[in-house]
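Look at the sequence and the model below, and keep both in view while reading. The paragraphs that follow go from the inside of the chain to its surface.

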Amino acid sequence: TVADCSLREAIVAANALTGPHTINVPAGTYTLTIAGAGEEDAATGDLDISEDITITGAGAATTIINGGGIDRVFDIDPYDNSPTVTLQNLTISNGSVSGPGGGAYVNSSGCPIVTLTNIAITGNTADLGGGVANDGCGSLTITSSTISGNTAVSGDGGGINSTYALTLTNVTVSGNATINGD
């Protein structure tokens with residue numbers, strides 16, 4: 001158990017041990033500030049998740065994970081571990097990446113099972129899947145969430161780009177921009 005550390009430190013610790021792990025994030029805005037895209041250990045840039053993790057915020061209106069415009073916010077399964085990942089009760093915003101998934105990227109390297117519940121994904125930018133890109137062979141389930149105000153600058157899916165299993169239940173996808181659809 002790790003207490004009183006940053007979200008990045010908690011994810012790095014959870015990735016170092018086989019899961020499952022739960023990370024509780026209190027109300028507040030948490031902005032990514034350590035620049036450095038392209039590494040896959042959550043040390044810089046985005047928050048890379050490679051093990052079974054549940055991240056729970058205090059509510060989408062009160063727990064905000066802000067990418068700071070330095071990289072996407074979450075990169076799920078960069079190492080082909082096929083983790084089970086749940087993100088719930090938080091906002092994912094201000095991710096920006098040249099590549100897929102400005103807010104969250106479900107990576108093609110493995111077959112993760114990813115669930116997003118009571119999430120707001122807003123203000124993210126990527127080449128494709130401005131809000132969320134699901135390029136993995138696993139599954140992505142989004143429930144009771146809002147995906148709005150995201151932009152795909154050169155490809156499909158301003159809000160969501162998914163090439164594999166996607167289930168949406170009670171999800172609003174609106175106000176996203178792209179050259180090829182919402």
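The largest nonpolar core in this predicted model has 31 residues. Within this core, Ile 11, Ile 49, Ile 55, Phe 74, Leu 87 and Leu 116 touch the most other members. In soluble globular proteins, nonpolar side chains tend to be buried together.

Apart from neighbours within four places in sequence, Ile 49 is in contact with several residues, including Ile 11, Ile 55, Phe 74 and Leu 87. Among the other contacts of Ile 49 are Asn 15, Asp 75, Asp 77 and Pro 83.

Side chains of opposite charge can pair when their charged atoms come close. The model has 2 salt bridges by the rule used here. Arg 72 forms one with Asp 46, with 3.4 Å between the closest N and O atoms. This pair links distant parts of the chain, 26 residues apart: Arg 72 is in the loop between strands S5 and S6, and Asp 46 is in the loop between strands S2 and S3. Arg 72 also forms a salt bridge with Asp 75, where the closest N and O atoms are 3.9 Å apart. Through shared partners, Asp 46, Arg 72 and Asp 75 are joined into one network.

Arg 72 counts as buried because its relative accessibility is 9%, under the limit of 20%. Asp 75 is buried as well, with a relative accessible area of 1%.

Next comes a sheet. Strands S8, S11 and S14 form an open sheet in that order, with parallel pairing. S8 (96–100) and S14 (151–152) are the edge strands, each pairing on one side only. S8 is joined to S11 (residues 125–128) by 3 bridges, and Pro 100 has Leu 128 as its bridge partner in S11.

Most residues other than glycine have a negative phi. Asn 118, in strand S10, has a positive phi near 55°. Asn 170, in strand S16, also has a positive phi, of about 55°. Asn 118 is partly exposed, at 31% relative accessible area, while Asn 170 counts as exposed, at 61%.

Strand S16 (residues 165–174) also holds Leu 168. Together with Leu 166 and Val 173, Leu 168 forms a nonpolar patch on the surface, with about 200 Å² of accessible area in total. Leu 168 is partly exposed, with a relative accessible area of 41%.

Definitions and conventions:
Residues numbered from 1 in each chain as written. Predicted model: local features only at pLDDT ≥ 70, side-chain atom pairs only at ≥ 80, totals over all residues. Heavy atoms only, no water. Core = buried A, V, L, I, M, F, W, Y, C linked by side-chain atoms within 4.5 Å. Buried < 20%, exposed > 50% of the residue type's maximum accessible area, 1.4 Å probe, protein only. Contact = heavy atoms within 4.5 Å. Pairing = 2+ DSSP bridges. Helix = DSSP H or I, 4+ residues; strand = E, 2+ residues; numbered from the N terminus. Patch = residues over 30% accessible without salt bridge, like charges linked within 9 Å, V, L, I, M, F, W, Y side chains within 5 Å. Areas by Shrake-Rupley, 256 points an atom, 1.4 Å probe, with all protein chains shown as cover. Salt bridge = Lys/Arg side-chain N within 4 Å of Asp/Glu carboxyl O.
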